[in-house]
Amino acid sequence: MHYISTRGAAPTLGFDEVTLAGLAEDGGLYVPQSWPTLTHERMRALRESSYAELALEIIATFTGPAPGREALAPLVARALERFDHAAVAPLVQLDDGLWFMELFHGPTYAFKDHALQFLGPLFDHLLTARRARCTIVGATSGDTGSAAIEACRGLERIDLFMLHPAGRVSPVQRRQMTTVHAPNIHNIALEGTFDDCQAVVKALFADTAFRRRHALSAVNSINWARIVAQVVYYFRAALALGAPDREVAFAVPTGNFGNVFAGYVARRMGLPVSRLVIGSNTNDILTRFFETGTMAVEPVVATLSPSMDIQVSSNFERLLFELLDRDAAALGELMRAFAETGAFTAPPKVLRRARALFAARRLDDEETCAQIRATFESSGQLVDPHSAIGIAAAQAGGCPSPLVALGTAHPAKFNEAIERALGRPAPMPAPLQALFDIEERFVTLANDVAAVKELIDARLQDKIAAA
Ligand SMILES: *Cc1c(COP(=O)(O)O)cnc(C)c1O
């Protein structure tokens, strides 16, 4: 399986190289050279499979020989080991025609574990084959950081430096990161905002000598291997509800467009996905795009669904590339305009095609709380604010059924919203409660690239000398 860049000017690479590279050299994102498909017969056979068997089948379709099926099987098994539900991603019926898929049974109680629990072992495998090590740096406003840390803890060939904005992530989210005491995990609380954290990470990558010295790498949501692992649960849900002999719609709360893009990939593979409904909070850049055809950045506002407090949805570039019939030059022009002016307008053909499959809705905090209440009262299911936004988008009308709303986080991770909606918090799972008794480890640094570089150099001094 070969991968090409959406900007058309980077070398064609294999799955293994694409995983380690993250972003393409030309600034684009990697996508398969052609979309693999599964026949209806094969899909019907997969209805009887376990989650692990299905995951292996889907992921192997994208890896080709590197890694091949035999090497991949133990990696997939390891990825699912730490999920605490026998079904991995159980499907719960909420209403007539409406289902809820719980994607938060991994170690950090958010759906990002589905991608990162696979990515950690995959990185380890690829680095071992190359007798190499790497330094992963990332910025987080919450869920990504803890999921990456849980995925990489104790891996000998990886050091992970995770930056979070000091005092601006929830206590549960901070403790999920800072209570992991593995020697390869390094938490930095940066005195600044999430955007400052991202700017520091960008500056580290921009320093070529530093990047090479530490073999810098990233596991952010543009990494193709993350998307692949997320395709699996779309198949799982749709097959359970009668696909490929019946169409199924999905509702997805969206920030970086990674999760919902995996649904698009499933459709390109032949899964009959009738509709993808996107839910956004007040940071509604995507919803405005589907309404107007113009993508225009506005300042980020803080909401009760912080994992979607994003204005630039990186993975949207992959969809645009497809809707432009893979015209890399045309895409490059739109992305240049976006970088320079903060806005672009898609050609009418692109908007028409986008609307044929996607619908989008926005909810403010008040509407989000009302949906948490309504879902709890009608079905007894307590949902987190992100998931509530997806459910509301699904119910806004005009949606075909059956429809699956994706549950992206455990409600106890976002108890501020639950308390506001119901007057009391969600019960805390024991492992989350236990975090409050573990000593925290992190260093606080000024919002200064040099200070972060100095820390990384100091912590990795011995490893660099040994290499
Ligand atoms: C990351 C996240 C999202 C947004 O997912 P994207 O793939 O960025 O669209 C939604 N809900 C929760 C709980 C998340 O952690």
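Contact is taken here to mean heavy atoms within 4.5 Å. The structure described is a predicted model. Val18 belongs to helix α1, which spans residues 15-21. Residues up to four places away in sequence being left out, the contacts of Val18 are Tyr3, Leu13, Tyr30 and Trp224. The relative accessible area of Val18 is 0%, so this residue counts as buried, the limit being under 20%. A separation of 20 Å lies between the C-alpha atoms of Val18 and Arg268, two residues that stand 250 positions apart along the chain.

The ligand is surrounded by 15 residues, of which the closest are Lys112, Asp143, Gly255, Asn256 and Asn259. By residue type, the shell around the ligand comprises five nonpolar, eight polar and two charged residues. In the side chain of Asp143, an N or O atom is 2.5 Å from an oxygen atom of the ligand. For Asn259 it is a polar backbone atom that is found 2.9 Å from a ligand oxygen atom. A nitrogen atom of the ligand lies 3.0 Å from a polar side-chain atom of Thr408. On its own the ligand has 390 Å² of accessible area, and the protein covers 97% of this area.

Asn283 is located in the loop that runs between β11 (273-280) and α12 (285-292). With a relative accessible area of 4%, Asn283 falls under the 20% limit and is therefore buried. A polar atom of the Asn283 side chain is 2.9 Å from the backbone oxygen of Val301. Val301 is also among the residues in contact with Asn283 when neighbours within four places in sequence are set aside.

Helix α15 covers residues 348-357, and its residues Val350, Leu351, Ala354 and Leu357 are buried. Viewed down the axis of α15, the buried residues fall within an arc of 135° and therefore line one face of the helix. Pro348, Arg352 and Ala356, on the other side of α15, are exposed. The elements against which the buried residues of α15 pack are α11 (258-268), β11, α12, α13 (316-323) and β14 (358-362).

Two cis peptide bonds are described next. The bond from Ala243 to Pro244 is cis, with omega near 5°. Pro244 is situated in the loop between α10 (224-240) and β10 (248-253). Ser401 and Pro402 are likewise joined by a cis peptide bond, for which omega is about 0°.

Positive phi values in residues other than glycine are found at Ala215 and Arg326. For Ala215, phi is near 50°. This residue, Ala215, sits in the loop between α9 (208-214) and β9 (216-217). The relative accessibility of Ala215 is 31%, and Ala215 therefore counts as partly exposed, between the limits of 20% and 50%. For Arg326, phi is about 60°. Arg326 is placed in the loop between α13 and α14 (328-341). With a relative accessible area of 23%, Arg326 is partly exposed.

Note on methods:
Residues are numbered from 1 along each chain as its sequence is written. This is a predicted model: local features need pLDDT of at least 70, side-chain atom pairs count only at pLDDT 80 or more; totals for chains, interfaces and linings use all residues. Side-chain values use heavy atoms; hydrogens and water are left out. Helices (H or I, at least four residues) and strands (E, at least two) are DSSP runs, numbered from the N terminus. Buried means under 20% relative accessible area, exposed over 50%, partly exposed in between (1.4 Å probe, protein chains only). A residue is near a molecule or strand if one of its heavy atoms lies within 4 Å of it. A polar contact is a pair of N or O atoms within 3.5 Å; within protein, one must be able to donate a hydrogen and the other to accept it, and residues adjacent in sequence count only if both atoms are side-chain atoms. Accessible areas come from the Shrake-Rupley method with a 1.4 Å probe; for residues, only the protein chains shown count as cover. Ala, Val, Leu, Ile, Met, Phe, Trp, Tyr, Cys and Pro count as nonpolar, Asp, Glu, Lys and Arg as charged, and the others, Gly among them, as polar. The arc is that of the directions from the helix axis to the C-beta atoms.
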